[in-house]
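Me: I have a model open and want to learn to read it. Can you take me through it feature by feature?

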Amino acid sequence: MKRPELKLPFETLPFDKGKTVAFLKFAFGITEKPGPFAALEVGTHSLKLVEVMVTPEGERDLWGYWVKEISLKVGFTDEERQKELQAKVKAFLKSSNVSSQKIHLGLSGDILAVRSVVVPEMPKDELPQALRWAIRTQIPFDVETASLSFEVVDSFEKKKSVLVMASSEKLLTAWATAIQEAGFRVASITSSSLALLGWMAEERVLSSADALALVEMGGSRASLFIVAGGKVKFIRDLEIGGGNITHSLTQAL
């Protein structure tokens, strides 16, 4: 049975059908239209907000940068944690002097999960369900109610290498509502890890000849990316972050 398409109250990120580098650049959420825009990254222990002005000539000027360290109470359920985090984000946005009404939002793997999987060649209409099956044990929310976007990165030996973004529709809707209640409009939502890869692609840190490993270390988890030839070949989330390292060092000392 075909799943009904859920219309969310904000613009979701489509996947570019061209090269992976082009998709990564698009996933970063940067608008090319003149005017100000703001980008907010929601982390485990910190909030980071930046405002950039795009000039009519296409140049970008940094207007402001704000960072706030946060902490959440111990013993929260996942739902309580999300509500507390959203309350802190709303207070943070209201206390900043951002002039842009558009927010590009970067979220963690608890809400947006990016995975690289290999599936057999199959008709295009069968691919979404096959991807759900392939990532069913790899994401922290129910895959059957998740929203999927994907891009076929490579084809070889009757198989396809696919980059998949799975999102929790319930949590995405809650986050869009929280941002709107703070007086802003959600222009795009993406994974914080993809935003970092997008910046690397845009600044040509990733070239067609490069083969490298990128580790994004967060407060509670780390994301490992293997990139070769400008394409993401492997992704893995590790349940270890800066908080674990600090705790281990404290115990040792």
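Reply: Start with surface patches. A patch is made of residues with over 30% relative accessible area and no salt bridge; like charges are joined within 9 Å, and nonpolar side chains (Val, Leu, Ile, Met, Phe, Trp, Tyr) within 5 Å. A salt bridge is a side-chain nitrogen of Lys or Arg within 4 Å of a carboxyl oxygen of Asp or Glu. Accessible areas come from the Shrake-Rupley method with a 1.4 Å probe; for residues, only the protein chains shown count as cover. Note that the model is predicted: local features need pLDDT of at least 70, side-chain atom pairs count only at pLDDT 80 or more, and totals for chains, interfaces and linings use all residues. Residues are numbered from 1 along each chain as its sequence is written, and side-chain values use heavy atoms, with hydrogens and water left out.

Me: Which residues make the nonpolar surface patch?

Reply: V215, M217, L238, I240, I245, L249 and L253 make it, with an area of about 700 Å². Two elements, β9 (211-217) and α6 (242-252), each give two or more residues to the patch. Helices (H or I, at least four residues) and strands (E, at least two) are DSSP runs, numbered from the N terminus.

Me: Is I245 buried, exposed or in between, and what sets the class?

Reply: Buried means under 20% relative accessible area, exposed over 50%, and partly exposed in between (1.4 Å probe, protein chains only). I245 lies in helix α6. Its relative accessible area is 37%, so I245 is partly exposed.

Me: Now the open sheet. What is its strand order?

Reply: Pairing comes first: two strands pair if DSSP finds at least two bridges between them. Here 5 strands form an open sheet in the order β3-β2-β1-β4-β8, with mixed pairing. β3 (60-69) and β8 (185-191) are the edges; each has a single partner strand, so one side of each lacks a neighbour in the sheet. On average, neighbouring strands are turned by 20 degrees against each other, direction ignored. Axes are lines fitted to C-alpha atoms, for helices over the stretch in contact, and angles run from 0 to 180 degrees between N-to-C directions.

Me: How do β1 and its partners pair?

Reply: β1 and β2 (residues 46-54) are antiparallel, over 8 bridges. They form a hairpin with 3 residues between them. P36 has M53 in β2 as its bridge partner. β1 and β4 are parallel, over 4 bridges. In β4, A39 is partnered by H104, and E41 by G106.

Me: What about β4 itself?

Reply: β4 (residues 102-107) also runs parallel to β8, joined by 6 bridges. L105 stands opposite I189 in β8. Helix α4 (residues 169-181) packs on the sheet, touching β1 (35-42), β4 and β8, and its direction makes about 145 degrees with that of β4. Of the 6 residues of β4, 5 are buried, so the strand is largely enclosed by the rest of the structure.

Me: What does S167 touch?

Reply: Contact means heavy atoms within 4.5 Å. S167 sits in strand β7 (residues 159-168). Its relative accessibility is 7%, so S167 counts as buried. Not counting residues up to four places away in sequence, S167 touches I111, L112, F141, A146, S147 and L172.

Me: Which residues of α3 are buried?

Reply: L127, A130, L131 and R132 are buried in helix α3 (residues 127-134). The buried residues of α3 pack against β5 (112-120), β6 (146-156) and β7.
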